[in-house]
Every structure is written in structure tokens, then in C-alpha cells.
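Dear colleague,

I am handing over the structure below, and I would be glad if you could look through it before reading my notes.

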Amino acid sequence: AVVSTQSGHYGRGFVLSDGLLSYYRSQAEMAHTCRGTINLAGASLESEDSCNFVISNGGAQVFHLRARSEVDRQRWITALELAKDRANKMRERGEIYGTFGIYGT
């Protein structure tokens, strides 16, 4: 996915860990410099149009993302909704789960 900013769209790396979605400016940064994190357990996910979607925690954190296509956007939404559901269930049981990362431009 691509992060939208007021000055344009930029490819970013993402890591999903324990219900948190974190992003990085580049794949090289993924080892040391997180640029933002949002807790999916309390987040809302909304499609804006065929490629754009928003992840928000209802407060200070809002990620505006742009997928390459409508199909890609739907894959992101589906994966994030599943991760959100899993995070909520794991939190209810007091459990944690593993980490995985993806990088895209």
C-alpha cells in the first residue's frame, strides 16, 4: 500500500504485530525507525473509493492509504479486518501473537 500525504503518495513498508500496524519509509528503515503505529483493535477501516482507504483510531491517528487497484484495496481491507478481529479475540483472552511484515510501493 501507499501512504497518502498532502504532498503526494509514497510507498511504505508495513509490519503487523500483536494487533498493531506500523509503517516505515523504506524497507531499510524497518529494522530501526518506525514512522507510525495504529492499534487495529480499536480502529475503523473505511474505503474511500476504488483504491483509497482510511484506518483511524477515532482520535489522533489516521492512516490514509492507497492501493494499486480496487482488488488490492479489498485484499488490504480484508486482511486488516481479519487482523483486527484476531487482535480483539486475543486481547480478550490475554494472549499475544506473532509478527509479520509486508513492503510495497
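Predicted model: local features only at pLDDT ≥ 70, side-chain atom pairs only at ≥ 80, totals over all residues.

The chain has 105 residues, of which 39% count as buried, and among the contacts between residues at least 6 apart in sequence, 42% join residues at least 24 apart.

The largest nonpolar core consists of 17 residues, and those with the most contacts inside it are Leu21, Leu40, Phe53, Ile55, Phe63 and Leu80. At least two residues of this core come from each of strand 2 (8-17), strand 3 (20-24), strand 6 (52-56), strand 7 (62-66) and helix 1 (70-93), with helix 1 giving the largest share, four residues. Leaving aside residues up to four places away in sequence, Leu21 touches a set of residues that includes Phe14, Gly36, Ile38, Leu40, Ile55, Phe63 and Leu80.

Turning to the strand pairing, strand 3 and strand 4 run antiparallel and are joined by four bridges, and Ser22 stands opposite Thr37 in strand 4. Strand 4 (residues 36-39) has a covered face formed by Gly36 and Ile38, whereas Thr37 belongs with Asn39 to the uncovered one.

With best regards

Note on methods. Residues numbered from 1 in each chain as written. Heavy atoms only, no water. Buried < 20%, exposed > 50% of the residue type's maximum accessible area, 1.4 Å probe, protein only. Contact = heavy atoms within 4.5 Å. Core = buried A, V, L, I, M, F, W, Y, C linked by side-chain atoms within 4.5 Å. Pairing = 2+ DSSP bridges.
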